[in-house]
Structures are given as C-alpha cells and as structure tokens.
Amino acid sequence: MTAVEEKLAGLGLTLPEVAAPLASYVPAVRTGPYVYTAGQLPLVDGKLGVTGKVGAEVTPEEAKELARTCALNALAAVKSVVGDLDKVVRVVKVVGFVASAQDFTGQPGVVNGASELLGEALGDAGVHARSAVGVAVLPLDAPVEVEIQVEVAD
C-alpha cells in the first residue's frame, strides 16, 4: 500500500475500481508529466446513490460528500495510469460541475468536498487551482462531477 493509500485508509477510504466509461473515452490519459482525468461521477460500486439537482432534491451537504466520492474516483483513475499515487507531485487543477437548482449559488462549497479530500490524501501536493461550475444537468442525473489534472514524477 502506498503512503497516499495509507492516508486514505486512515480516513476509512479505499480506492475503488475505476468506473467503466459511459461513452467513447478513457478514464484518464497521461501526456508527459501530467495526467488528465475524465469527469468522475460519484459512483459507488458502479451506481449513483443519489440523483437530482443540488438545492432541490439534493442538499449542499449531501453534494459535498458526493464531490468527495468523485475525487476518490479521480484518484483511482490517476492510479490506473501511473500505478502508484505516491508519484503525484501536485494536483494542478480541479474542475467541479454541480447540477444546480435555478437559485442555487453554493457551488464552491460543494466542490470543497473534492478539494478537501485531495488535501487530506496528498497534503501540500493536493493544493490546487479550481473551478466550481453550476450546470443544468449532468450524465445520469448526477448531482456532481469532478475532473482533475495532476503532475506526476517518473
């Protein structure tokens, strides 16, 4: 078990299997020292536990936990490409999409779930730039989707 995976275990988390793509793409791609993940939904065992819009059917607190799950799935996608999460030098960018009720404006607080998990798992290497975007709808009616870009060492 890597140091990052040990930190995750200390949080009561284990890396899941990488979710199968929903369309014609791969979960993550490495180019040079960077790994880019596809958008990761909050799938657990291949299923969404919650669907709907944040601020309507889904509370901001629930959505924040779902964003955390998305980040865990993103780390699994990174590992599938590099083999070892201890190779992550830095999380460069996080983009979080929040399926939002028309009047919901708390997207940054929701995406904090992903950012906080990355910080807990990777320490200073988890500090990143970020965008938190409200959208009308996400695949499978997911409340949240997160993608990350990381720099890795050889």
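A: In this predicted model, the largest nonpolar core has 37 residues. Val 78, Val 110, Leu 118, Leu 122, Val 144, Ile 148 and Val 150 are those with the most contacts inside this core. At least two core residues come from each of α1 (3-10), α2, β5 (88-99), α3 (107-122) and β7 (144-152). The element that gives the most is α2, with 11 residues.

Helix α2 covers residues 60-82, 23 residues in total. From its first C-alpha to its last, α2 reaches 33 Å, close to the 33 Å expected at 1.5 Å a residue. Gly 83 follows α2 and has a positive phi, near 85°. An α-helix has 3.6 residues a turn, so residues three or four places apart point the same way.

Helix α2 also takes part in the largest pocket, where three of its residues make it the element that gives the most to the lining. The volume of this pocket is about 190 Å³. Thr 69, Leu 72 and Asn 73 are among the lining residues, as are Pro 16, Glu 17, Val 18 and Ala 19. The lining also includes Leu 43, Val 44, Asp 45 and Gly 46. Strand β3 (43-44), like α2, supplies at least two residues of the lining. By class, six lining residues are nonpolar, three polar and two charged.

As for annotation, an unreviewed UniProt entry lists residues 6-145 as "domain: Endoribonuclease L-PSP/chorismate mutase-like". In the model, that span is 31% helix and 24% strand, and its end C-alpha atoms lie 25 Å apart.

Conventions. Residues are numbered from 1 along each chain as its sequence is written. This is a predicted model: local features need pLDDT of at least 70, side-chain atom pairs count only at pLDDT 80 or more; totals for chains, interfaces and linings use all residues. Side-chain values use heavy atoms; hydrogens and water are left out. UniProt positions are given in the numbering used here, feature names are shortened, and annotations may be inferred rather than shown by experiment. Helices (H or I, at least four residues) and strands (E, at least two) are DSSP runs, numbered from the N terminus. The expected span of a helix is 1.5 Å times one less than its number of residues. On a 1 Å grid over the protein atoms alone, a cavity is a set of points where a 1.4 Å probe fits but cannot get out, and a pocket is an open set with protein on both sides within 12 Å along at least five of seven lines; lining residues have an atom within 4 Å of a point. Grid points are joined across faces, edges and corners, and a volume is the space filled by probe spheres set on the points. Ala, Val, Leu, Ile, Met, Phe, Trp, Tyr, Cys and Pro count as nonpolar, Asp, Glu, Lys and Arg as charged, and the others, Gly among them, as polar. A nonpolar core is a set of buried Ala, Val, Leu, Ile, Met, Phe, Trp, Tyr and Cys residues joined through side-chain atoms within 4.5 Å. Buried means under 20% relative accessible area, exposed over 50%, partly exposed in between (1.4 Å probe, protein chains only).
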